[in-house]
Amino acid sequence: MKRTSLFVIGLLAFTAIVSAQDISLPAPVKTGGKPLMDALNERKSIKAYSGKQLDQQNLSNLLWAAYGFNRESKRVVPSSENKQEIDVYVAFPTGVYFYDAKANVLKLHQTEVPKASIGQPAVTNVAAFTLIYVANVDKASNREACYLDTGYLVQNVYLYCASAGFGSVARGSFKAQQLHTDLKLGANQVVTLVQAVGVPQ
Ligand SMILES: Cc1cc2nc3c(=O)[nH]c(=O)nc-3n(C[C@H](O)[C@H](O)[C@H](O)COP(=O)(O)O)c2cc1C
């Protein structure tokens with residue numbers, strides 16, 4: 001099947017899933033998956049995707065792997081001085097959502113998708129979604145920590161994808177200032193990195 005047809009099918013399927021404004025995710029499955037050493041061995045950047053969407057269970061698992069809580073008030077990733085200054089936004093073809101990890105809900109941030117500022121269309125137009133990492137610099141230990149702490153989330157996503165058969169690529173080639181404006185972020189916020197995720201072709 002052609003790539004465009006798969007993309008349209010994926011988009012239609014996902015549109016049905018995300019008809020509500022906010023998306024309540026199923027509880028993440030925190031057991032199973034490939035052994036860590038296998039996932040490490042298979043971690044790689046993938047840029048060719050089928051255009052299909054992830055089902056909600058895998059979406060929930062992936063977001064938990066990226067930035068969920070694995071203790072009362074602490075997360076699966078470390079952060080400098082436990083400032084937890086990173087926020088995760090998810091840009092689907094149908095809108096941009098904020099990941100509320102405590103509630104396990106994707107909250108609609110905006111329906112406009114800033115495709116131009118997300119960039120690299122050859123990848124992002126066929127990926128299922130793009131994760132947008134946003135740091136609150138007022139909350140952070142310092143500016144450098146924002147970028148370091150982002151890296152832990154990025155690697156967890158890579159490893160979840162390697163474990164579950166999905167693909168991902170970290171991307172520095174986005175238009176940071178334009179994306180900041182398009183997402184209507186505040187002066188205390190900075191987009192540190194974006195990361196495409198999808199079903200490999
Ligand atoms: C901070 C960072 C930024 C990156 N930016 C891009 C990018 O803009 N576009 C892209 O195609 N790949 C990007 N990559 C992916 C790298 O090119 C990739 O990780 C590298 O070639 C090694 O390949 P591997 O991840 O498969 O081991 C980025 C990776 C990192 C860590």
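This is a predicted model: local features need pLDDT of at least 70, side-chain atom pairs count only at pLDDT 80 or more; totals for chains, interfaces and linings use all residues.
View 1. The C-alpha trace spans about 50 × 40 × 30 Å along its principal axes. A compact globule of 201 residues would have a radius of gyration near 17 Å, and the chain's 16 Å agrees with that. Buried residues account for 40% of the 201.

**View 2. The open sheet.** The chain has 7 helices and 7 strands, laid out from the N terminus as α-β-α-α-β-β-β-α-α-β-α-β-α-β. Its 7 strands make an open, antiparallel sheet in the order β1-β4-β3-β2-β5-β7-β6. At the edges sit β1 (23–24) and β6, each pairing on one side only.

View 3. Zoom in on β6 and you'll find strand β7 (residues 189–198) running antiparallel to it, with 5 bridges joining the two. Look for R171, which stands opposite V194 in β7.

**View 4. Two helices lying across strands.** Helix α3 (residues 56–67) lies across β2 (86–92), β3 (95–100), β5 (129–136) and β7, at about 155° to β2. Helix α6 (residues 143–164) lies across β2, β5, β6 and β7, and runs at about 10° to β7.

**View 5. Around the ligand.** Here the ligand has K44, S45, K47, Q120, V169, A170, R171, G172, S173 and L193 around it. Strand β6 (residues 167–171) supplies the largest share of this shell, 3 residues. Sorted by class, the shell has 3 nonpolar, 4 polar and 3 charged residues. R171 turns up again here, as one of the residues around the ligand.

Methods:
Residues are numbered from 1 along each chain as its sequence is written. A residue is near a molecule or strand if its C-beta atom, placed from the backbone, lies within 6 Å of it. Helices (H or I, at least four residues) and strands (E, at least two) are DSSP runs, numbered from the N terminus. Ala, Val, Leu, Ile, Met, Phe, Trp, Tyr, Cys and Pro count as nonpolar, Asp, Glu, Lys and Arg as charged, and the others, Gly among them, as polar. The radius of gyration is taken over C-alpha atoms; the globule rule is 2.2 Å times the number of residues to the power 0.38. A residue is buried if 20 or more other C-beta atoms lie within 10 Å of its own, exposed if 12 or fewer, and partly exposed in between; C-beta atoms are placed from the backbone. Two strands pair if DSSP finds at least two bridges between them. Two residues are in contact if their C-beta atoms, placed from the backbone, lie within 7 Å. Axes are lines fitted to C-alpha atoms, for helices over the stretch in contact, and angles run from 0 to 180 degrees between N-to-C directions.
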